[in-house]
Amino acid sequence: MKCFCVNGKCEKAGVMNLGPCQYKSPTYTSFPHFYKADPSYLEAIEGLSPDPSKHEFFMTLEPNGGVPMDVGGGFQANYLMSPVPGIA
């Protein structure tokens, strides 16, 4: 669970902190356009349009053998950016 909650702080729904698993980088992952994420992410960024037909993960299995026949979906890499004092 070290990648889900860091120092007792869990991210809002729909975003996973990859920092503890990736050399403490400020990297987070989510579905594209924060699909299925906490609404606060959509409110904070202009121009996002989550669309289930484009951004939802899916898998079609062959019914007898359970072999994946069609798989689709995507992910979005997000980087935490913080202001640097003294730079305007």
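Three strands form an open sheet in the order 3-4-7, with antiparallel pairing. Strand 3 (16–17) and strand 7 (76–79) are the edge strands, each pairing on one side only. The structure described here is a predicted model. Strand 3 pairs with strand 4 (residues 27–30) in the antiparallel sense, over 2 bridges. Met16 has Thr29, in strand 4, as its bridge partner.

Contacts of Tyr28 were examined with its neighbours within four places in sequence left aside. On that basis, Tyr28 is in contact with Glu11, Val15, Met16, Asn17 and Leu18, and also with Gln76, Ala77, Asn78 and Leu80. Tyr28 also belongs to the largest nonpolar core, which has 5 residues.

The structure holds 2 aromatic pairs. In one of them, the ring centres of Phe31 and Tyr35 lie 5.9 Å apart and the planes are at 65°, so the pair is edge-to-face; the cut-off for this class is an angle over 60 degrees. Phe31 counts as partly exposed, at 28% relative accessibility, whereas Tyr35 is buried, with a relative accessible area of 11%. Phe34 and Tyr41 form an aromatic pair that is stacked, with 5.0 Å from centre to centre and 10° between the planes. Phe34 counts as buried at 7% relative accessibility, and Tyr41 counts as buried at 17%.

A search of the whole structure finds 1 salt bridge. The salt bridge is formed by Lys36 and Glu56, whose closest N and O atoms are 3.1 Å apart. Lys36 lies in the loop between strand 4 and helix 1 (39–44), and Glu56 lies in the loop between helix 2 (52–55) and strand 5 (58–61), so the pair ties together parts that are 20 residues apart in sequence. With a relative accessible area of 53%, Lys36 is exposed, because the exposed class begins over 50%. Glu56 has a relative accessible area of 31% and is partly exposed.

Notes: Residues numbered from 1 in each chain as written. Predicted model: local features only at pLDDT ≥ 70, side-chain atom pairs only at ≥ 80, totals over all residues. Heavy atoms only, no water. Phe/Tyr/Trp six-rings, centres within 6.5 Å; stacked < 30°, edge-to-face > 60°. Buried < 20%, exposed > 50% of the residue type's maximum accessible area, 1.4 Å probe, protein only. Core = buried A, V, L, I, M, F, W, Y, C linked by side-chain atoms within 4.5 Å. Contact = heavy atoms within 4.5 Å. Pairing = 2+ DSSP bridges. Helix = DSSP H or I, 4+ residues; strand = E, 2+ residues; numbered from the N terminus. Salt bridge = Lys/Arg side-chain N within 4 Å of Asp/Glu carboxyl O.
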